[in-house]
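Student: I have a structure to go through and I'm new to it. Can we take it piece by piece?

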Amino acid sequence: MKNVELVRQRLTLLTAISYYTEVYLQEAIRIKENQISTLQKHLDFVTRKEQTGSSTHYEVLSTQVRLSNAENQKVDLEASKQAQQAVLNSLLGLPVKTHLKVRGNFVSTQTGISSDSLIIFALDHRYEMVLARLREDHARLNMRSVKVMDNPTLSAFLNGGFKKWLFP
């Protein structure tokens, strides 16, 4: 029963991690698109400056390189998002090719509970810790049984009976 709960807990954690990774990747792609748009405007500006003679070709090339790097990073983020979306779909039981648009933010709230009491609570209620304690108890019982096996044993065998009211 504890193993089933442990697997359920791990799947829940994996789903939450997958969800927040998906939220992060969507936000990172949006930011990268803004960066590409800004770099494209800057490239247009620097190109006009070069045409008027106020800028060198080096500035145009460096802007093109930065734009190309940003586009490559966006492609990498999109590939990561597709892979993460496949993981999330499989955890949710959806077809792998299903397109999801997740919403969320990374605002965390404080619980108002001290970290020491949270650690104690986690150690008492985490299924991994409960299973570890059960394994310790099992090992302790096993050790006792092994120690008892090493103790000397005393056994006696008695045989008796009557034959025509006489002892044999």
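Student: How many aromatic pairs does a search of the whole structure find?

Tutor: One aromatic pair turns up in that search. Rings of Phe, Tyr and Trp (its six-membered ring) pair if their centres lie within 6.5 Å; planes under 30 degrees apart count as stacked, over 60 as edge-to-face and the rest as tilted. The ring centres of Y19 and Y20 are 5.0 Å apart and their planes stand at 75°, so this pair is edge-to-face.

Student: Where do these numbers come from?

Tutor: This is a predicted model, in which local features need pLDDT of at least 70 and side-chain atom pairs count only at pLDDT 80 or more, while totals for chains, interfaces and linings use all residues. Residues are numbered from 1 along each chain as its sequence is written, and side-chain values use heavy atoms, with hydrogens and water left out.

Student: What about Q26, buried or exposed?

Tutor: Q26 is buried, because its relative accessible area is 15%. Q26 sits in helix α1, residues 2–52. Helices (H or I, at least four residues) and strands (E, at least two) are DSSP runs, numbered from the N terminus.

Student: Which residues does Q26 touch?

Tutor: Leaving out residues up to four places away in sequence, Q26 touches K81, L100, K101 and V102. A contact means heavy atoms within 4.5 Å.

Student: K81, where is that?

Tutor: K81 is one of the buried residues of α2. Others include V60, T63, L67, A70, K74 and L77.

Student: Why would they be spaced like that?

Tutor: An α-helix has 3.6 residues a turn, so residues three or four places apart point the same way.

Student: How many residues does helix α2 have?

Tutor: Helix α2 has 36 residues, numbered 57–92, and reaches 52 Å from its first C-alpha to its last. That is close to the 52 Å expected at 1.5 Å a residue; the expected span is 1.5 Å times one less than the number of residues.

Student: And what follows α2?

Tutor: G93 does, with a positive phi near 80°.

Student: Zooming out, how many helices and strands are there?

Tutor: The protein has four helices and zero strands. Buried residues make up 18% of its 168 residues.

Notes:
Buried < 20%, exposed > 50% of the residue type's maximum accessible area, 1.4 Å probe, protein only.
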